[in-house]
Amino acid sequence: MRHALDYLSTLLHLIGMLVFVGGHIWFGILAALAEREPQPAGERFLTAALPVLANGFGLGVLLLFGSGLLKLLMWGEPGLIFLPDLYGWIFFSKLVLYIVIVGNGLLIERRYLPRVTNLDGDEMNAAWAQIKSRARFNLVLVLVVVALGETMRFSKL
Ligand code: HEM
């Protein structure tokens, strides 16, 4: 049973990363490519796809949290009272960054995405610029969280 749960939590953490981390990387690449185009077609395509992408990111974030919690219950050392340990501090940093990432993602989805779809002209451009810079900031944080996750795993070997 323990093996199955371990496998399941790792699989779901990986799928969550595929969707969430991979999604951020692809969004960064596509936004950078669209920026270079003289025609705004690429940016229009991305803004049209963003509501669907946002749902995918939401799913990835939930998968990461659920499977992370499962992992923690099985692997957390020493149990849930871990702060005196280095392991606990790494996990704590990971959780704080995760909260910042989710908060930033919510701002993108709830504040700036509706502005991009409902407004036009300068206001729309300002909202689009906010989305791009916040998504890039999130990508950097997510990569740090990946490194922290690996550190947690290998700190036990
Ligand atoms: C952006 C979100 C996240 C990313 C990119 C991420 C990434 C990773 C990576 C790369 C690993 C190491 C590989 C593995 O063991 O499968 C890992 C392990 C882990 N993660 Fe996450 N994670 C995220 C969110 C979370 C959350 C929200 C929690 C807790 C609620 C969590 C808890 C854990 C635990 C407990 C481990 C196992 C460490 C060990 O083996 O001791 N993660 N994570």
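**Figure 1. Helix H3 and its partners.** The buried residues of helix H3 pack against H2 and H4. In this predicted model, those buried residues are Phe 91, Ile 101, Gly 105, Ile 108, Tyr 112, Leu 113 and Val 116. H3 has 33 residues, and the distance from its first C-alpha to its last is 47 Å, close to the 48 Å expected at 1.5 Å a residue. Look for the kink of about 40 degrees at Tyr 112, shortly before the proline Pro 114.

**Figure 2. The whole chain, for orientation.** If you are new here, start by counting helices: the chain has four of them and zero strands. Read from the N terminus, the order of elements is α-α-α-α. A box of roughly 55 × 30 × 25 Å, taken along the principal axes, holds the C-alpha atoms of the chain. Of its 157 residues, 18% count as buried. Among contacts with a separation of 6 or more, 76% join residues 24 or more positions apart.

Figure 3. Val 116 sits in helix H3. Is Val 116 buried or exposed? Val 116 is buried, because 24 other C-beta atoms lie within 10 Å, and 20 or more are enough to count as buried. Setting aside neighbours within four places in sequence, the contacts of Val 116 are Thr 47, Met 124, Ala 127, Trp 128 and Ile 131. Val 116 and Ala 127 are 11 residues apart in sequence, and their C-alpha atoms are 5.9 Å apart in space.

**Figure 4. Two nonpolar cores.** The largest nonpolar core has 10 residues in all: Phe 27, Leu 50, Ile 108, Tyr 112, Leu 113, Val 116, Ala 127, Trp 128, Ile 131 and Ala 135. Helix H3 (86-118) and helix H4 (121-155) are the elements that give two or more residues to this core. Another core, of seven residues, lies apart from it and includes Phe 57, Leu 64, Ile 101 and Val 145.

**Figure 5. Helix H1 and its kink.** With 35 residues at 1.5 Å a residue, H1 should span 51 Å, and its end C-alpha atoms are 50 Å apart, which agrees. Follow H1 along and you will come to a kink of about 25 degrees, centred on Met 17. Which residues of H1 are buried? They are Ser 9, Gly 16, Phe 20, Gly 23, His 24 and Phe 27. These buried residues of H1 pack against H2 and H4. Here is a handy hint for following any such helix: an α-helix has 3.6 residues a turn, so residues three or four places apart point the same way.

**Figure 6. Helix H2, bent at Leu 50.** H2 has a kink of about 45 degrees at Leu 50, shortly before the proline Pro 51. From first C-alpha to last, the 35 residues of H2 reach 47 Å, close to the 51 Å expected at 1.5 Å a residue. Buried in H2 are Leu 50, Phe 57, Gly 60, Leu 63, Leu 64, Ser 67 and Lys 71. The packing partners of the buried residues of H2 are H1 and H3.

Figure 7. Leu 64 is buried, because 25 other C-beta atoms lie within 10 Å, whereas Phe 45 is exposed, with 12 other C-beta atoms within 10 Å. The cut-offs are 20 or more for buried and 12 or fewer for exposed. Leaving aside neighbours within four places in sequence, Leu 64 is in contact with His 13, Gly 16, Met 17 and Phe 20. Thr 10 is 54 residues from Leu 64 along the chain, with 9.7 Å between their C-alpha atoms. For Phe 45 and Ala 34, 11 residues apart along the chain, the C-alpha separation is 9.2 Å.

**Figure 8. The shell around the ligand.** Which of the 23 residues around the ligand come nearest? They are Gly 68, Lys 71, Gly 149, Met 152 and Arg 153. Helices H1 (2-36), H2, H3 and H4 are the elements that give two or more residues to this shell.

How values were computed:
Residues numbered from 1 in each chain as written. Predicted model: local features only at pLDDT ≥ 70, side-chain atom pairs only at ≥ 80, totals over all residues. Helix = DSSP H or I, 4+ residues; strand = E, 2+ residues; numbered from the N terminus. Contact = placed C-beta atoms within 7 Å. Core = buried A, V, L, I, M, F, W, Y, C linked by C-beta atoms within 7 Å. Near = placed C-beta within 6 Å. Expected span 1.5 Å × (residues − 1). Bend = angle between axes of the 7 residues up to and from the residue.
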